[in-house]
Amino acid sequence: MRAKITYLVTAAVLVFYFVLVGSRGVMLIQTGTVLTATFGVAVLILPVIGLWFLWKNTQFVRRANALAAELDAEGGLPVDELKRLPSGRIDRDSADEVFAKRKAETEASPDDWRCWFRLAVAYHDARDTPRARKAMQRAIALHDGKPVRD
């Protein structure tokens, strides 16, 4: 729940920022000179890119959460078998051990979105966010029946 609140607050702040920047871009365009209008259009591009990025990330999070809910309903969510340090952080060797299991499971069933979901969690636990995201994108694509690009 805390992560959802943090995400919503961050998204709200970003939207406020995009509106603020966008209004400045419109003001520059309304000034009327070629230079300020050109600069105003350039300034408007930033909020458009930002809103697109925010939208894509929100879609990704919603789809990943839907997969988690479905997997939870099936009883297939990965069990937290990770050892933790006294600080509460995940022990690296433990994360690597669980990752090896998840990778072998995924290699045995490469078309199963559930395996890719669990692999994404293992990548996340091993602090490999780019690969975790790619594995989750693959799980989403497999679940939705879309062709998967390698």
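1. Which residue does Arg114 form a salt bridge with? The partner is Asp112, and the closest N and O atoms are 3.4 Å apart. A salt bridge here is a side-chain nitrogen of Lys or Arg within 4 Å of a carboxyl oxygen of Asp or Glu. Arg114 counts as partly exposed at 26% relative accessibility, and Asp112 is partly exposed too, with a relative accessible area of 22%. Glu74 joins in as well: salt bridges with shared partners tie Glu74, Asp112 and Arg114 into one network.

2. A quick word on what you're looking at. This is a predicted model, where local features need pLDDT of at least 70, side-chain atom pairs count only at pLDDT 80 or more, and totals for chains, interfaces and linings use all residues. Residues are numbered from 1 along each chain as its sequence is written, and side-chain values use heavy atoms, with hydrogens and water left out.

3. Searching the whole structure turns up seven salt bridges. Among them is the pair Glu105 and Arg102, with the closest N and O atoms 3.9 Å apart. Both sit in helix H3 (residues 92–108), three residues apart, or about one turn of the helix. Helices are DSSP runs (H or I, at least four residues), numbered from the N terminus.

4. Glu105 also meets Arg118 in a salt bridge, at 2.9 Å from N to O. This pair links distant parts of the chain, since Glu105 is in helix H3 and Arg118 is in helix H4 (residues 113–125), 13 residues apart.

5. How buried or exposed are these side chains' residues? Buried means under 20% relative accessible area, exposed over 50%, and partly exposed in between (1.4 Å probe, protein chains only). Glu105 is partly exposed at 25%, whereas Arg102 is buried at 10% and Arg118 is buried at 13%.

6. Over on the surface, Lys56, Arg62, Arg63 and Lys146 gather in a patch of positive charge. Patch members have over 30% relative accessible area and no salt bridge, with like charges joined within 9 Å. Lys and Arg count as positive, and the charge is placed at NZ of Lys or CZ of Arg. Arg62 belongs to helix H2 (residues 34–74) and is exposed, with a relative accessible area of 58%.

Terms used
Patch = residues over 30% accessible without salt bridge, like charges linked within 9 Å, V, L, I, M, F, W, Y side chains within 5 Å. Areas by Shrake-Rupley, 256 points an atom, 1.4 Å probe, with all protein chains shown as cover. Helix = DSSP H or I, 4+ residues; strand = E, 2+ residues; numbered from the N terminus.
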